[in-house]
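Work through the following exercises with the sequence and the structure at hand. Each task is followed by a worked solution.

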Amino acid sequence: MSSAVKTIGVLTSGGDAPGMNAAIRAVVRTGIANGVKVMGIKRGYAGLLDEEIVEMDTLSVSNIIQLGGTILYTARCKEFREKEYQEKAAEICRKHGIDGIVVIGGDGSFQGASKLAELGINTVGVPGTIDLDIACTEYTIGFDTAINTAMEAMDKLRDTSESHERCSIVEVMGRTAGHIALWTGIASGAEYILTTEEYDGNIQKIIEKIQQRHKIGKKNHVIVNAEGVGNSYEMAKIIEAATGVETRATVLGHIQRGGNPTCKDRVYASAMGAKAVELLCEGKTNRVVGYTNGEFVDYDIQAALAMEKGLDPYLFHITRKLTTY
């Protein structure tokens, strides 16, 4: 256990996620309430190396909880994988009196946080990623907003798909994880849900199902495709050529990362940001905040990164029945 901190830095790293501003707000206000100075670090680890550091007060985070994105901006920093730059970052922290940092981001960001902890800077990670691919937690900041954004888009696409008697392939984000695809597929009543974890690449099975369902009168079809599965546009061409059903692909892309965060993302992000500060004030380091079994908890970062996470087995199980026409 390290000593309790006096000055906390907060940064957002990697991809942005709705709710990050709520977490930043909670870090700043909880820190100040605990008698700790809080410094905002702009543009993630890249900004730390460039010393883009500003002191924050309660007004710095006023009227931001409802905003998407991150007021501290974010960036990816390949250099931070190298020990030379990790040591430089630790020295910059000491130069500015920062003895603790809250890192809001994904698994790559937590690797960097763990390296800073090894160099004497107390660190706590807060899971901020729409992908829900951090194994130690049942919730990550931004996931709830992202799936609601995707669901609303898919509802609209189904309307036009039905009007034109088309097959629509809707590609959602998630990198190599299929959580967004699974949740939005169930919520939108999709006929097919393709995830990297479960899809075997056999497009002929999909073609046969479309043909069978077309014969019994089903005129439109919606396929949810996780981005890690493959090219949705090529898939659309293959399906249309084989079935004769007009098929369109829509890639939702980065709209899933933007927009006003949902109530859940605001509340849970606030709780996680506050929890991170409390851990630092207790003198803890190299921890990551998680949400498990209805409680906000914390884990050793390396132990958390070593965990594996698959799709919810029951949710995947029921898709086999819910997608039967």
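**Exercise 1.** Is Asn-286 buried or exposed?

Solution. This is a predicted model, in which local features need pLDDT of at least 70, side-chain atom pairs count only at pLDDT 80 or more, and totals for chains, interfaces and linings use all residues. Residues are numbered from 1 along each chain as its sequence is written, and side-chain values use heavy atoms, with hydrogens and water left out.

Step 1. Asn-286 has a relative accessible area of 15%, so Asn-286 is buried.
Step 2. Helices (H or I, at least four residues) and strands (E, at least two) are DSSP runs, numbered from the N terminus.
Step 3. Check the backbone: the phi of Asn-286 is positive, about 55°, although the residue is not a glycine.

**Exercise 2.** Which residues does Arg-43 contact, leaving aside its neighbours within four places in sequence?

Solution. Step 1. Arg-43 belongs to the loop between strand S2 (37–41) and helix H2 (44–49).
Step 1. Its relative accessibility is 33%, so Arg-43 counts as partly exposed.
Step 2. With contact taken as heavy atoms within 4.5 Å, the partners of Arg-43 are Thr-12, Glu-52, Leu-72, Tyr-73, Thr-74 and Ala-75.
Step 3. For a distance check, Arg-43 and Asn-231 are 188 residues apart in sequence, and their C-alpha atoms are 31 Å apart.

**Exercise 3.** Describe how helix H1 (residues 20–33) packs against helix H9 (residues 263–281).

Solution. Two packed helices are described by the angle between their axes and the distance between the axes.
Step 1. The axes of H1 and H9 come within 7 Å and cross at roughly 40°. Axes are lines fitted to C-alpha atoms, for helices over the stretch in contact, and angles run from 0 to 180 degrees between N-to-C directions.
Step 2. Angles under 35 degrees count as roughly parallel, over 145 as roughly antiparallel, 65 to 115 as roughly perpendicular and the rest as oblique. H1 and H9 are therefore oblique to each other.
Step 3. H1 passes H9 in a right-handed crossing; a crossing is right-handed if the near helix is turned clockwise from the far one by less than a right angle, and left-handed if anticlockwise.
Step 4. H1 contributes Ala-22, Ala-23, Ala-26, Val-27, Thr-30 and Gly-31 to the contact, and H9 contributes Arg-266, Ala-269, Ser-270, Gly-273, Ala-274 and Val-277.
Step 5. Sorted by class, the contact of H1 with H9 has 7 nonpolar, 4 polar and 1 charged residues. Here Ala, Val, Leu, Ile, Met, Phe, Trp, Tyr, Cys and Pro count as nonpolar, Asp, Glu, Lys and Arg as charged, and the others, Gly among them, as polar.

**Exercise 4.** Repeat the analysis for helix H6 (residues 179–187) and helix H11 (residues 313–322).

Solution. Step 1. The axes of H6 and H11 come within 11 Å, crossing at roughly 40°. That makes H6 oblique to H11.
Step 1. The crossing of H6 with H11 is left-handed.
Step 2. From H6, Leu-182, Trp-183 and Ile-186 meet Leu-315, Phe-316, Thr-319 and Leu-322 of H11.
Step 3. The contact of H6 with H11 comprises 6 nonpolar residues, 1 polar and no charged.

**Exercise 5.** What does Thr-184 touch, leaving aside its neighbours within four places in sequence?

Solution. Step 1. Thr-184 is part of helix H6.
Step 1. With a relative accessibility of 1%, Thr-184 counts as buried.
Step 2. Thr-184 is in contact with Ile-147, Ala-150, Met-151, Met-154, Val-172 and Val-224.
Step 3. Between Thr-184 and Ile-147 the C-alpha to C-alpha distance is 5.7 Å, at 37 residues apart in sequence.

Conventions: Buried means under 20% relative accessible area, exposed over 50%, partly exposed in between (1.4 Å probe, protein chains only).
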